[in-house]
Amino acid sequence: MLKKSYRRKKNLVAYSFILPNFIGYFILTFIPIILTFVMSLCEWNFGQTVKFVGLKNFIQMFTKDSQFSLVLINTIYYTIVTVPVTMLFSLLLAMLMNSKLKGRVFFRSVLFFPYVASLVAIAIVWMALFSPQSGPVNSVLRSIGIANPPRWAADKHWAMPTIIGLTVWKGVGYYMIVYLAALQGVPGELYEAARIDGASGFQQFTNITWPTVTPTTFFVVMMLTISTFKSYDIMYITTQGGPGTATKVLAYHIYNKAFKDNAFGYASALSIVLFLIVLAFTLLQFKVEKKFTNDL
């Protein structure tokens, strides 16, 4: 009896520590998710009575919303470029920072700084660098003979690449640290043995480094995919979806429908679509990771 009482007391203490987190999750995450599913089947403009409309919002999305396909294409474009570019630069920088580079601790801090810095400050600096008239990037391009350099965020063709560059710059430091943690777990003896056997740098990468960081790569891809699909703050701060609809992504479209057009029901339906897209990509990545891991 004493053992059971002691065990019960220990369990109560443990649950008391995690209970606040569960309460917060239930109130701030679980309930809003359920309400979003319910609201996606309703029509509600703020201040009016909620009206059940079934699948009308979803039908409207694919038949009457002329911007839905545009923002979906923009979101996919933003994601499929940002994810591999960020992953590539993060891995390369991690390998560089893992080498015997003089001052590498300082450079790690410098590269990580944009991630922890204020997004507003980072965006202002980036937009100033790529200002069409007075930005240092265009000043350098003019000095080397390019008379009409790109207008970057002010040009519908260059706006999205500019935003992608900002996203990569801000996030690459964090994922560099993630890769660096994986690389530092590789025993140095493996590389020494490979060098003794005459393996080139590329062979060392393909046979030692890459298999080691593969699980980390799947994690990075998953986190980046989720982050880019739901990203809207960078667009809101820099271009507000412009010029035209060049940088308007799905999350920003949801924001506009909810808080500018007061179409909360329709915005909820858009949120469900975004949720299903992210869920599909996540499940696909888990499946690919499992198959790839089993093949190793």
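## Basis of the description

Because the model is predicted, local features need pLDDT of at least 70 and side-chain atom pairs count only at pLDDT 80 or more, while totals for chains, interfaces and linings use all residues. Residues are numbered from 1 along each chain as its sequence is written, and side-chain values use heavy atoms, with hydrogens and water left out.

Helices are DSSP runs (H or I, at least four residues) numbered from the N terminus.

## Nonpolar cores

A nonpolar core is here a set of buried Ala, Val, Leu, Ile, Met, Phe, Trp, Tyr and Cys residues joined through side-chain atoms within 4.5 Å. Buried denotes under 20% relative accessible area, exposed over 50%, and partly exposed the range in between (1.4 Å probe, protein chains only). The largest such core comprises 20 residues, and Met61, Leu250, Leu270 and Leu274 have the most contacts inside it. Two or more residues each are contributed by helix 2 (56-63), helix 3 (68-97), helix 11 (250-259) and helix 12 (264-295). Helix 12 supplies the largest share, 10 residues.

Contact means heavy atoms within 4.5 Å. Apart from neighbours within four places in sequence, Leu250 touches Phe68, Val71, Leu72, Thr75, Leu270, Leu274 and Ile277. A second, separate core has 18 residues, among them Ala117, Ile234, Val249 and Tyr252.

## Aromatic pairs

Rings of Phe, Tyr and Trp (its six-membered ring) are paired if their centres lie within 6.5 Å; planes under 30 degrees apart count as stacked, over 60 as edge-to-face and the rest as tilted. Across the whole structure, 22 aromatic pairs are found. In one of them, the ring centres of Phe229 and Phe281 are 5.1 Å apart and the planes stand at 45°, so this pair is tilted. Phe229 belongs to helix 9 (residues 201-229) and Phe281 to helix 12, so the pair ties together parts that are 52 residues apart in sequence. Phe229 is buried, at 1% relative accessible area, whereas Phe281 is partly exposed, at 35%.

Tyr236 and Tyr252 make another tilted pair, with 6.3 Å from centre to centre and 50° between the planes. Tyr236 is in helix 10 (residues 233-238) and Tyr252 in helix 11, so that distant parts of the chain, 16 residues apart, are linked. Tyr236 is partly exposed at 33% relative accessibility, while Tyr252 is buried with a relative accessible area of 1%. Both tyrosines belong to one aromatic cluster together with Trp44, Tyr232, Tyr255, Phe259 and Phe264.

Axes are lines fitted to C-alpha atoms, for helices over the stretch in contact, and angles run from 0 to 180 degrees between N-to-C directions. Angles under 35 degrees count as roughly parallel, over 145 as roughly antiparallel, 65 to 115 as roughly perpendicular and the rest as oblique. A crossing is left-handed if the near helix is turned anticlockwise from the far one by less than a right angle, and right-handed if clockwise.

The axes of helix 7 (residues 159-183) and helix 9 come within 9 Å and cross at roughly 155°, which makes the two helices roughly antiparallel. Their crossing is right-handed. On the helix 7 side, the contact involves Tyr175, Val178, Tyr179, Ala182 and Leu183; residues on the helix 9 side include Thr209, Val213, Phe219 and Met223.

Helix 5 (residues 119-129) and helix 7 have axes that come within 11 Å and cross at roughly 130°; these helices are therefore oblique to each other. This crossing is also right-handed. Leu119, Ile122, Ala123, Val125 and Trp126 of helix 5 meet Thr162, Gly165, Leu166, Trp169 and Lys170 of helix 7.

## Backbone details in loops

The loop between helix 10 and helix 11 holds Pro243 and Gln240. The peptide bond from Gly242 to Pro243 is cis, with omega near -10°. Gln240, a residue other than glycine, has a positive phi near 50° and is partly exposed at 48% relative accessibility.

Trp152 lies in the loop between helix 6 (136-143) and helix 7. Although not a glycine, Trp152 has a positive phi of about 50°, and at 12% relative accessibility Trp152 counts as buried.
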